[in-house]
Amino acid sequence: SMRGTLAATAADSGRDGWLIPLGLPTVQPITAWLDDAGLRRRVSEASLGRGATSGHDNTPIVLEMVRLRAERARLLGLGSHAEHVLAVETAGTPEAARGLLLDVVDAAVTNARNEAKDLLGGEERELHPADWAWESERLRAERFRVDDATVRPYFELERVLHDGVMHAASELYGLRFAERTDLAGYLPDVRVIEVFDDERSEPDAGVGLLLLDYYARPTKRGGAWMSSFRDQSRLLDSSPVVVNVMNLARPAAGQPTLLTMDEVTTMFHEFGHALHGLLSDVEYPVFSGTSVPRDFVEFPSQVNEMWARRPEMLARYARHVETGEPIGEELVERMREAERFGEGQATVEYLAAALIDLEWHSLTPEEAEAVTDVDEFEARVLADAGLDVPGIEPRYRSRYFQHIFAGGYSAAYYSYFWAEVLDADAAEWFVERGGLKRDSGDRMRREVLSRGGAIDFLDAYRRMRGSEPNTTALLRRRGLDSSVVGGRRAAATGRP
Ligand SMILES: [Zn+2]
């Protein structure tokens with residue numbers, strides 16, 4: 001089927017044979033499936049060479065943007081662009097963000113090196129960046145035997161939605177969900193759900209509306225997201241209308257929609273954003289729902305993903321579409337191990353990109369002026385941080401780092417990790433308190449979900465959690481904690 005897709009891609013651009021389009025990150029997923037080592041290298045070199053070829057060289061643009069951003073920060077009386085950006089983020093300062101990233105370097109690098117050894121099966125050579133995905137795929141298939149055909153029958157869309165996603169929200173926050181077939185969405189496919197809250201003084205008055213737009217169509221942007229049509233605010237007496245969008249393949253007529261574990265996780269994730277919008281209880285629309293800093297906005301959504309994997313939840317919603325049998329613990333365990341395998345490499349490539357971003361944007365105008373070689377700058381950043389691991393390239397090299405040079409994430413690529421520290425830490429807190437418990441949900445709702453952007457986020461987190469966030473929970477989750485003794489309190493750097 002992949003050959004068919006690549007042939008169609010070639011035909012679309014008027015060529016013969018197969019055409020391999022490049023995806024955003026450095027590692028191209030297709031390299032996992034290319035058995036020809038020479039072809040893997042061609043793809044990998046094309047990926048790494050983006051924005052560096054004659055006629056399409058982004059080098060001068062990168063250097064100029066870095067200089068201009070440094071200059072603007074100086075004009076505003078700040079030390080660097082990163083200082084400017086971080087001032088309104090939860091992290092507060094570039095030092096705090098850098099401290100968080102550097103805190104996990106040792107554990108990530110140790111694990112990545114062990115993974116490389118594992119992949120090479122004791123051979124004494126270095127793994128080529130082009131081969132990492134391919135070797136991983138071989139090992140994963142052989143060791144964990146997890147494939148979509150085995151897993152998908154346990155994840156039927158309606159069951160996942162009602163007995164999974166909505167059930168968790170009901171237990172935690174006392175919400176009820178009613179499909180409003182009398183209301184039309186913006187397309188016939190789009191479902192409209194009214195959300196009710198048992199605790200409200202008028203329980204029959206809905207909290208808001210949630211639209212579900214789950215199926216792919218040719219004109220739809222790729223990926224999954226939540227967005228808001230109307231924000232909650234007391235000032236304007238307005239209740240929220242939000243949407244969860246995904247790109248699921250539509251099944252043949254009359255067939256159920258079966259999901260991969262990734263898609264299930266994404267459904268819980270987007271629902272977490274939806275809850276942030278729906279449970280908002282603020283005066284001013286500017287602070288409503290998900291109007292929070294970038295390094296906090298992913299916290300409610302990421303923490304909601306935890307319910308997809310809790311044993312009590314799986315037993316409830318992950319049932320075979322034909323037999324109704326709950327998914328076996330042994331299969332769940334294999335899925336978990338397969339996910340963890342490769343976290344060392346994934347963490348290293350992420351940290352590398354996040355630090356390159358922070359360092360570019362921590363330069364003063366004079367320092368920025370002095371940098372003329374992008375490759376040299378990147379190499380120095382990675383060597384200084386101890387992230388120069390053979391075989392692992394940064395998730396993005398500067399010349400094709402869209403997030404920071406063409407998107408809104410300059411000096412903020414660290415924020416995914418920041419939110420994950422909070423999310424992993426909060427997930428442990430939920431588990432310590434017995435899992436799906438209403439009083440935990442009430443606390444999360446009172447301190448975080450209802451408050452939108454009208455709070456100090458770390459204070460809110462502390463009030464919910466009862467202590468400082470700690471990076472060890474994240475290391476444990478990523479399976480990176482074996483090499484860490486004790487783990488450091490995140491607060492050692494001032495902030496998590
Ligand atoms: Zn998200």
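Helix 11 passes helix 19 in a right-handed crossing; a crossing is right-handed if the near helix is turned clockwise from the far one by less than a right angle, and left-handed if anticlockwise. The model is predicted: local features need pLDDT of at least 70, side-chain atom pairs count only at pLDDT 80 or more, and totals for chains, interfaces and linings use all residues. Residues are numbered from 1 along each chain as its sequence is written, and side-chain values use heavy atoms, with hydrogens and water left out.

The axes of helix 11 (residues 294-304) and helix 19 come within 8 Å and cross at roughly 35°. Helices are DSSP runs (H or I, at least four residues), numbered from the N terminus. Axes are lines fitted to C-alpha atoms over the stretch in contact, with angles from 0 to 180 degrees between N-to-C directions. Helix 11 contributes Arg294, Asp295, Phe296, Glu298, Phe299, Gln302 and Val303 to the contact, which means heavy atoms within 4.5 Å. Among the partners on helix 19 are Trp418, Leu422 and Phe430. By class, this contact has 10 nonpolar, two polar and five charged residues. Ala, Val, Leu, Ile, Met, Phe, Trp, Tyr, Cys and Pro count as nonpolar, Asp, Glu, Lys and Arg as charged, and the others, Gly among them, as polar.

Helix 19 (residues 415-432) also meets helix 5 (residues 94-103). Their axes come within 10 Å and cross at roughly 70°. Helix 5 and helix 19 are therefore roughly perpendicular (65 to 115 degrees). The crossing is left-handed. Ala96, Ala97, Leu100 and Leu101 of helix 5 touch Phe417, Trp418 and Val421 of helix 19. The contact has seven nonpolar, no polar and no charged residues.

Helix 9 (residues 157-173) and helix 10 (residues 261-278) have axes that come within 11 Å and cross at roughly 40°. The two are therefore oblique, the class left after roughly parallel (under 35 degrees), roughly antiparallel (over 145) and roughly perpendicular. Their crossing is right-handed. Contact residues include Leu161 and Tyr173 of helix 9, and Phe268 and Phe271 of helix 10. By class there are 12 nonpolar, one polar and no charged residues.

The second largest pocket has a volume of about 520 Å³. A pocket is an open set of points on a 1 Å grid over the protein atoms alone, where a 1.4 Å probe fits, with protein on both sides within 12 Å along at least five of seven lines; lining residues have an atom within 4 Å of a point. Volume is the space filled by probe spheres set on the points, which are joined across faces, edges and corners. Of its 15 lining residues, Leu6, Ile20, Ile30, Leu34 and Leu39 are the closest to the centre. Helix 2 gives the most, with four residues. The lining divides into 12 nonpolar, no polar and three charged residues.
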